[in-house]
Amino acid sequence: MTRPGKMIRLVVETFFKKPATTLYPFKKVEMPANFRGKIIFKPHLCIGCQMCMKDCPSGAIKITKLPNKKFECEISLAKCIYCAQCVDSCPKKALESTKEFELAVLDRKNLKAVFSDDTKETSPE
Amino acid sequence: MRKVVIPIGPQHPALKEPESFSVTLSGERIMAFSARLGYNHRGIEKACEERTYIQDVYLVERICGICSHAHSTAFVQAVEEIAGLSVPERALYIRTIIAELERIHSHLLWLGVAGHEIGFDTLLMYTWRDREVVMDILAELTGNRVNYGINTIGGVRRNIDASEISDILKAMDILEERTKYYIQLAKEETTLIKRLSCVGILSHEDALSLGAVGPTARASGIPRDTRKDDPYAAYDKLEFKVITDDHCDVYGRTLVRLGELMESYKMIRQALKEMPTGPISVKAPRKIPAGEAFSRYEAPRGEDVHYVKADGTDRPERVKVRAPTLANLQTVAKMLEDRQLADLPIVIAAIDPCFSCTDRLISLREPKKPDKTLAWEDLRAYSIEWYRARGIDFTKVNRKISRRN
């Protein structure tokens, strides 16, 4: 039962193996297809029912009405817990999860995403 | 020999979470041990009362980072019982699969922590490397590595498709092979056996009288498992053994957890094979009718209990959570009685404690008038009096501080 050097085979094997870790910041990590990352908003689909606001567990999402039946969405990236309940709650699929997860910023003012135009997302900088 | 009382915690290198223990020592022997909870109270039960049911699912999930599925399932089960929803079969199977994957990741995590606590860091590195396999599977199935968010009231949020099934089966094969190696290691490695045997002994009778749950109870020979005793989700359709052990010590708890890993692989394979097709959720009402329900769930650490009381609105009237660590914490004092101080970290780690999950409200009452609760000002006055009676006066220091401000 007690044979010294029993692990030696495993130790030698380990020398010829690749490291189990990845060089993360240099080598990007790919998230699975249905990862719940940063939420994006498609203003042309929104009907302003505010179901996402009602269901958000952390109050991170704010829909405001603009003229011409358009809606603006502001998501606080600090408050958001990335549960994607808003994506499930939206009856028109105006919200969507992305694979983006590297959301750290140096200034807390930048921790929000504002979506008001169909084409681009504005970030207060 | 003179007795010495040493405080361990709230911040201590041997502890992973803020928790305070007071250990009475005579030399190196522990004479008495007492634990103090409350450093991580987050007010989750009260916060649940101020949120809607659907928001609460995500809130209770964050009670624990490791057994998050345990808490959300227990809560959702209680709400579904009040609302009288019949959850589709497929949803129950998906819940069971996620629950078992969570058990695998939690037990592998524990094995690594236990290895670290006894100075066997190779085991920590190996098990945590293997744990990544199951974490990746959980991320693929649910969209996140922790806090899976798979549950919703009336079912689950995500389906499992054919490619995911083959990925799970592949991962199970890898993990089963690795776990066989760990079982062999646990049975043959002399350093591990000698370090863990006869450490933290909890006899069968003590485990029963102190109400131990989970692997702690099962390692003392009590076949107590909610999955068998009161089956929920799809556990009544799955075949599995309740792993027990008669070692009654930390070594026994290691063997129980390793045995449970093997059972989990078997259960996941069976669940994936027998999973029926069909819808994964039913529509749940926003307002839950008045009523109350009590839900039990076998978390990786033991039985998790949720109580929900509804009053007909969209918010619960009361949510009560009893995390498994609270049931197991009392056994630690028994395990450490008349033992060496050096065994303390591994004995505490052996119940797989999760202190922040355990912290619930403590109401502070005045010692002589039990019906009067203490407010913050009263507590302050009480503490000043308490110190003054022991010859410590903070008046001068206070004056100095207030002058500086």
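**Close-up views of chain B and its contact with chain A**

**View 1. A salt bridge joins Arg286(B) and Asp55(A).** The two side chains meet at 2.8 Å, N to O; a salt bridge is a side-chain nitrogen of Lys or Arg within 4 Å of a carboxyl oxygen of Asp or Glu. Across the interface of chain B and chain A, the rule finds 2 salt bridges. This is a predicted model, in which local features need pLDDT of at least 70, side-chain atom pairs count only at pLDDT 80 or more, and totals for chains, interfaces and linings use all residues. Residues are numbered from 1 along each chain as its sequence is written, chains are lettered from A, and side-chain values use heavy atoms, without hydrogens and water.

**View 2. Chain B meets chain A through 27 residues of chain B and 21 residues of chain A.** Contact means heavy atoms within 4.5 Å. About 2,000 Å² is buried between the chains, 46% of it from carbon and sulfur atoms; buried area is the accessible area (1.4 Å probe) that two parts lose on being put together, summed over both. In chain B, Gln55(B), Tyr58(B) and Arg157(B) lose the most area to chain A, together 23% of what that side buries.

**View 3. Helix α12(B) covers residues 324-336.** Helices are DSSP runs (H or I, at least four residues), numbered from the N terminus. Just after α12(B), Asp338(B) has a positive phi of about 60°.

Definitions and conventions
Helices (H or I, at least four residues) and strands (E, at least two) are DSSP runs, numbered from the N terminus. The expected span of a helix is 1.5 Å times one less than its number of residues.
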